[in-house]
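Student: I've got a new model open and I'd like to talk it through. Can we go over it together?

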Amino acid sequence: MNKVIACIDGSSAADAVCDYAAWAAARLSAPLTLLHVLDQSRYPVENDLSGKLGVDAREHLLSELAELDIRRNKLALEQGALMLEEARQRVVASGIAAPVVRQRHGHLLDSLAELEDDTRLLVIGKQGEEHSDSVHVGDNVERLVRALHRPILIALGEFKPPQVVMLAFNSSEITRKGVELLANSPLFKGLRGHLVSVGKDAEALKKDMAWAEKTIREAGHDIQCTVLDGEIEPALHDYQQAHNVDMVVMGAYGHSRLREFFVGSTTNNMIKNATVPHLLLR
Amino acid sequence: MAMTHSLGDTWFSNIRGDVLAGTVVALALIPEAIAFSIIAGVDPKVGLYASFCIAVVSAFAGGRPGMISAATGAMALLMVTLVKEHGLQYLMAATVLTGVIQIFAGLFKLGSLMRFVSRSVVTGFVNALAILIFMAQLPELIDVTWHVYAMTAGGLGIIYLFPLVNKTLPSPLICIVVLTAISLYLGLDIRTVGDMGELPDTLPIFLIPDIPLNMETLAIIFPVSVTMAAVGLLESMMTATIVDDLTDTDSNKNRECAGQGLSNISAGFLGGMAGCAMIGQSVINVKSGGRTRLSTLVAGVFLLILVVFLDKWVSMIPMAALVAVMIMVSIGTFSWESLVNLSKHPTSSSVVMVATVITTVFTHNLALGVGVGVVLSALFYANKVGRIFYVTVDDGDDNNHRIYKVVGQVFYTSATQFAESFDYKEAVSKVTIDLDRAHFWDLTAIDALDKVIIKLRREGTDVEVIGLNEASSTLVDKFAVHDKSDAVDKMMGGH
């Protein structure tokens, strides 16, 4: 459980993923792995609707499909290798001595699940190569975050070393872990911190905020605590803009799927409107 | 691995391809379901309800996304006698029981038994199936007017030639539409699907088979159900492997067993006959671009919609069109390559394949054919492994000592050869049997070792056994007598 794993694909986010992964690996003094997964299920399927079964139909179809896969995979393999090489050069240039480069076949999620035990931090883009619009959250992102139990950094935009970090706090167990992370992780050493929660000034929240503030201050960090009013996402978003926060730390998918089906997921909405990297905790 | 695959992957990752492929499959399922009902001796609606029900349930419960299950010829052939002697109600009860047996097979993970079914047996199975499907068409071609032959030939022509012009419309459908139109236009007096029995005009309804619930009933349906369960699972596992290979993905074979069971139970209660996975249709599905569970669901639902709403038209389809489609299925199912391979493959493989085919074609029972194939494969294998065995004799350091080095597998086929490798007439004071590169597998082998040692001892020779590996020595410790006291008495007492 010591590696920083960066998921590289052909999307526009690849550069940001490299840069933030390099930044995190350097800060955590952790080995960096650049991973590219060749996911065959993402290839379009060709079809012949003639519905005819010719002589040795099975054998012919098998060799046809295998031929198609060979061509696609050869190409994808080369393309992936190029992407990885570019990524490797990029992280080496930003000071990572020997990043490990890996290419795997199979489902992205399966591959990451296999590596989970070794993973300290996972860095991914906001959306995969199949999306080009900037408001859409990649369908892989939500599934990854739900399935894996490691911190995931959603990298986006132009890289700039984070100076101001904001923790969205709501007293939940996961954001309490976030407080400890903020206090103790080398990732945030020397960064200015903001502890923000949204709520109608409940007593309990205030008490938890005081605990959080104390924990972080005792670890020697500068922290500013605020309780905001209003809708969660807009309030956090406005605060982030107003205080030049350049990295957001938050718990992910804390609510039940049922509630999220009706109300919508806070996490998805936060990521959708994100302009700076988000570190999601599970 | 499967845990991380979401609903999206197994249902909605290929919507366009799956809907199109499911539609093509539904159109191809209709003639097959009707033809298999006729084989079984029941109304076409029994096969059509079964196909709908099995496809829909297995879309959810099956273990191989993208595979098509419905009423099949392999199963239909097994129910002929039951239907003839006891009627439809018993068939439905047998169908439910088949499902129950298959669910137990899934629970006990019997899907893994498929590893005993060799490739030659699988080839024999598909070839026998193709031959039986073809033979089932012959009654429609015997004692009929020349119109039927012309129509069938024309239908085959359309099926094989139309795709050269257009690959966006299923050619079997074109064949059916054109032949129906011709037969209606010319007012030909030939047999149609409507002559073969009732077609569905409503959605299927839940019925409990009307049979006496007693031991007598069980005695009637149980043997049929066991055979159907076995054949259904065999064809389903084979088809699942074929789809695995075609799509280069994995399937859950034990879930598939249980899924087949659930499908058959539902079919039995909805007035359908037992079914299983279909090799031909699954190949058509993959070829048409179907990959996920959605394709199977679309095939089942669309099939029912078509038959219920078009039942008047379906009943006018000439049997010649159906025969043409089924001949195509039979040609597509048969492994023509295997004919070429007969001369290329080892004789034992060819014998297994041909024996499977012959047994099946004569008994109409694929379970028997596969049984014969599996037993033959096992015998050939035992014979081959038994032949990889030899013993060398080393004179040792002096003339009074012989070292026998045994290499290979010692079990029932090679035990005699093992015992005969020793020279008992030679008068030496010491014999060493070096078993470092040998493995003793069974009681016959241990028995042979005992006999060799005791025989040598009776000649006054000291016998030493060295290098016995751990597994073999466990057997020796448990069952051999030569290393126990009063060995000779026991040994001789046994004779």
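Tutor: Quick ground rules: residues are numbered from 1 along each chain as its sequence is written, and chains are lettered from A and ligands numbered from 1 in the order in which they are written. This is a predicted model, where local features need pLDDT of at least 70, side-chain atom pairs count only at pLDDT 80 or more, and totals for chains, interfaces and linings use all residues.

Student: Is A:L75 buried or exposed?

Tutor: Count C-beta atoms, placed from the backbone, within 10 Å of the residue's own: 20 or more others is buried, 12 or fewer is exposed, and in between is partly exposed. A:L75 has 10 such neighbours, so it counts as exposed.

Student: Which helix does A:L75 lie in?

Tutor: Helices here are DSSP runs (H or I, at least four residues) and strands are too (E, at least two), numbered from the N terminus. For A:L75, the run covers residues 57-93 of chain A, and that is helix 2.

Student: What radius of gyration does chain B have?

Tutor: The radius is taken over C-alpha atoms, and the globule rule is 2.2 Å times the number of residues to the power 0.38. For a compact globule of 495 residues that would be near 23 Å, but chain B has 29 Å.

Student: Which residues have the most contacts inside the largest nonpolar core?

Tutor: A nonpolar core is a set of buried Ala, Val, Leu, Ile, Met, Phe, Trp, Tyr and Cys residues joined through C-beta atoms within 7 Å. The largest one has 135 residues, and the ones with the most contacts inside it are B:F125, B:M273, B:L303, B:A321 and B:L322.

Student: Which helix gives the largest share of this core?

Tutor: The share is 16 residues, and they come from residues 15-40 of chain B. That stretch is helix 2 of chain B.

Student: At what angle do helix 7 and helix 14 of chain B pack?

Tutor: Axes are lines fitted to C-alpha atoms, for helices over the stretch in contact, and angles run from 0 to 180 degrees between N-to-C directions. Helix 7 (residues 146-165) and helix 14 (residues 319-333) of chain B have axes 8 Å apart and pack at an angle of about 45°.

Student: What do we call helix 7 of chain B relative to helix 14 of chain B?

Tutor: Under 35 degrees is roughly parallel, over 145 roughly antiparallel, 65 to 115 roughly perpendicular, and the rest oblique. The angle here is about 45°, so helix 7 of chain B is oblique to helix 14 of chain B.
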